[in-house]
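Please look over the sequence and the model shown here before reading on. The report below takes up the helices one after another.

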Amino acid sequence: MQPDRRKPEVPPPPDEDDVYGLAEPPPPASRLPAEPLVPLRKPALADEARPPPAIPLVSGVFNFPWRLDTFGPWGLMSMGLSLAFLGVVFCIWLVDIGLTIAARCFAAPVFCVAYLTVTYASQSMLVILQETAAGNDKIDEWPSGDWREWFWSLRFVGGAAIVAALLAAAVNWVTLRVSWWPGIVVAFVAYPFVLLSSLETASPLVPLSRPVARSLKTVWWGWLALYATSGLMVGALALAVVSSFPWSPFATAALAGPPLAAILMIYARLLGRLAWLAQKQDEDDDS
């Protein structure tokens, strides 16, 4: 039997100041918390940042979903939305023909597809908004990794939608439900303000922010451009869906995914450019 010729482990030399070896070992390194999504305060990245073009709310906005660096996320979002819409229409069709049990069987996978699509779209919108507000033209931090982490993006995107829906319900209650149009208009106007405010304060429970409220005065034309552009896009898609759905529901559900995904990405891009304009205006006023 050969003797063990391995060198014994030599302990590290003691600290010169700690003569008796009584010093405690250093604590283990802890993982730093993730940086909150605060687009109005986040500094631009040094390597990719550059000032947006001369017309921030037009240049690089409407072609944004189909660029080489964004075509992949747009394609994934489009496919998920189309599959989710098709699944919902298929389940409704099964119920109409009397196959309720079959519809319940298909409801579970349809819900999974819809959940993944909604959380991926929510996370993508926050990434686009944050990076664009920081002055970055290229988006690098697309959703990846554990899909369960995408759920937490809903606290901002979904939370703002809940606040806007509550405001719409309050308006409908005040107007005694004479028409549902005032509530829709209020929700449409309030949603971007609530979303930017919650992101600026880094808390979905604070839907009101002083810098965002000040931007209503400093970059009022940017807000008008945001509402006009998003209203035209959503109105055109809604009109196309309503007019074609009775004639061909399955084709309408399949074809509605790509334009809706593009609208969501363009909307987030516009919000990011608006936040960037508000930041620059505040910096100019302070200087």
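## Basis of the model

This is a predicted model, in which local features need a pLDDT of at least 70 and side-chain atom pairs count only at pLDDT 80 or more, while totals for chains, interfaces and linings use all residues. Residues are numbered from 1 along each chain as its sequence is written, and side-chain values use heavy atoms, with hydrogens and water left out.

## Overall fold

The protein has 7 helices and 0 strands, where helices (H or I, at least four residues) and strands (E, at least two) are DSSP runs numbered from the N terminus. Read along the sequence, the pattern is therefore α-α-α-α-α-α-α.

Of the 287 residues, 37% count as buried, a class that means under 20% relative accessible area, with exposed meaning over 50% and partly exposed lying in between (1.4 Å probe, protein chains only). Among contacts between residues at least 6 apart in sequence, 76% join residues at least 24 apart, contact meaning heavy atoms within 4.5 Å.

The C-alpha atoms of G75 and P65 are 8.9 Å apart in space, and the two residues are 10 apart in sequence.

Helix α2 covers residues 100–133, and its 34 residues should span 50 Å at 1.5 Å a residue, which agrees with the 47 Å between its end C-alpha atoms; the expected span is 1.5 Å times one less than the number of residues. A kink of about 30 degrees lies at A107, shortly before the proline P109, the bend at a residue being the angle between axes fitted to the seven residues ending there and the seven starting there. G135, with a positive phi near 95 degrees, follows α2.

I101, in α2, counts as exposed because its relative accessibility is 65%, and its C-alpha atom is separated by 10.0 Å from that of C91, 10 residues apart along the chain. A133, also placed in α2, counts as buried because its relative accessibility is 0%, and A133 and Q279, although 146 residues apart in sequence, are 8.4 Å apart in space, C-alpha to C-alpha.

## The pairing of α3 with α4

Two packed helices are described by the angle between their axes and the distance between the axes. For helix α3 (residues 154–174) and helix α4 (residues 181–200), the axes come within 8 Å and cross at roughly 145 degrees, with axes taken as lines fitted to C-alpha atoms, for helices over the stretch in contact, and angles running from 0 to 180 degrees between N-to-C directions.

On the α3 side the contact includes F156, V157, A160, V163, A164 and L167, and on the α4 side it includes P182, V186, A190, Y191, V194 and L195. By class, this contact has 17 nonpolar, 3 polar and no charged residues, where Ala, Val, Leu, Ile, Met, Phe, Trp, Tyr, Cys and Pro count as nonpolar, Asp, Glu, Lys and Arg as charged, and the others, Gly among them, as polar.

The 20 residues of α4 should span 28 Å at 1.5 Å a residue, and its end C-alpha atoms are 29 Å apart, which agrees. At A190 this helix bends by about 30 degrees, and a proline, P192, follows within four residues.

Most residues other than glycine have a negative phi. A202, in the loop between α4 and α5 (210–218), has a positive phi near 60 degrees, and A202 is partly exposed, with a relative accessible area of 34%.

## Helix α6The 25 residues of α6 should span 36 Å at 1.5 Å a residue, which agrees with the 36 Å between its end C-alpha atoms. The buried residues of α6 are G222, W223, L226, Y227, T229, S230, M233 and L237. T229, placed in this helix of residues 220–244, is buried because its relative accessible area is 17%, and T229 touches F62 and L270, not counting residues up to four places away in sequence.
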